[in-house]
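Student: Could we go through this model together, and could you tell me what stands behind each term as we use it?
Tutor: Gladly; here it is.

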Amino acid sequence: MKDFNNIKYINIENNKKINTIILPGYLQTYKSYECLFDTIGNYSNIYILEFPGFGITEKLDYVVNLDYYVLLLRDFIKVNKLQNIVLLGHSFGGRIISKY
């Protein structure tokens, strides 16, 4: 696992032009998506983000709103210079994507 701005994430680099970012639901972990790695990896690099309060990323000591998570996603994409992005989210991860 790697760290970015209080976010734990996994990157599976497959030397593809497409980048798939997976956002698990609240309190879920990347492990729920391991079964997709081979299939998605055939056409895409994979990033699975665990935002604060998700998976093994520590919970925050303060209250945040949906906009906070959207900004984290935007910053992650910008800092990592990702293009050709496919966003895949479950539950709260889907809410973040819909607002993004």
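Tutor: Let's begin with a definition: helices (H or I, at least four residues) and strands (E, at least two) are DSSP runs, numbered from the N terminus. Read that way, the protein chain runs β-β-β-α-β-α-β-α along its sequence, which comes to 3 helices and 5 strands. This is a predicted model, where local features need pLDDT of at least 70, side-chain atom pairs count only at pLDDT 80 or more, and totals for chains, interfaces and linings use all residues. Residues are numbered from 1 along each chain as its sequence is written, and side-chain values use heavy atoms, with hydrogens and water left out.

Student: Why is Asn19 called buried?
Tutor: Buried means under 20% relative accessible area, exposed over 50%, and partly exposed in between (1.4 Å probe, protein chains only). Asn19 has 7% relative accessibility, so it counts as buried. Of the 100 residues in the protein chain, 40% count as buried.

Student: Where is Asn19, and which residues does Asn19 touch?
Tutor: Asn19 sits in strand E3. Contact means heavy atoms within 4.5 Å. Not counting residues up to four places away in sequence, Asn19 touches Ser44, Asn45, Tyr47, Leu82, Gln83, Asn84, Ile85 and Val86.

Student: Why does Ser44 count as buried?
Tutor: Ser44 has 0% relative accessibility, so it counts as buried. Ser44 lies in the loop between helix H1 (37-41) and strand E4 (45-50). Leaving aside neighbours within four places in sequence, its contacts are Asn14, Lys16, Ile18, Asn19 and Thr20.

Student: What share of the contacts with a separation of 6 or more joins residues 24 or more positions apart?
Tutor: In the protein chain, that share is 74%.

Student: How do you know that the buried residues of H3 line one face of the helix?
Tutor: The buried residues of helix H3 (residues 92-99) are Phe92, Gly93, Ile96 and Ile97. Seen down the axis of H3, they fall within an arc of 150 degrees, so they line one face of the helix. The arc is that of the directions from the helix axis to the C-beta atoms. Their cover includes strand E3 (19-23), helix H2 (66-79) and strand E5 (85-89).

Student: Are Asn15 and Ser91 buried or exposed?
Tutor: Asn15 has 70% relative accessibility, so it counts as exposed. Ser91 is exposed too, with a relative accessible area of 51%. Asn15 is in the loop between strand E2 (7-12) and E3, and Ser91 is in the loop between E5 and H3.

Student: What phi does each of them have?
Tutor: Asn15 has a positive phi of about 55 degrees although it is not a glycine. Ser91, not a glycine either, has a positive phi of about 55 degrees.
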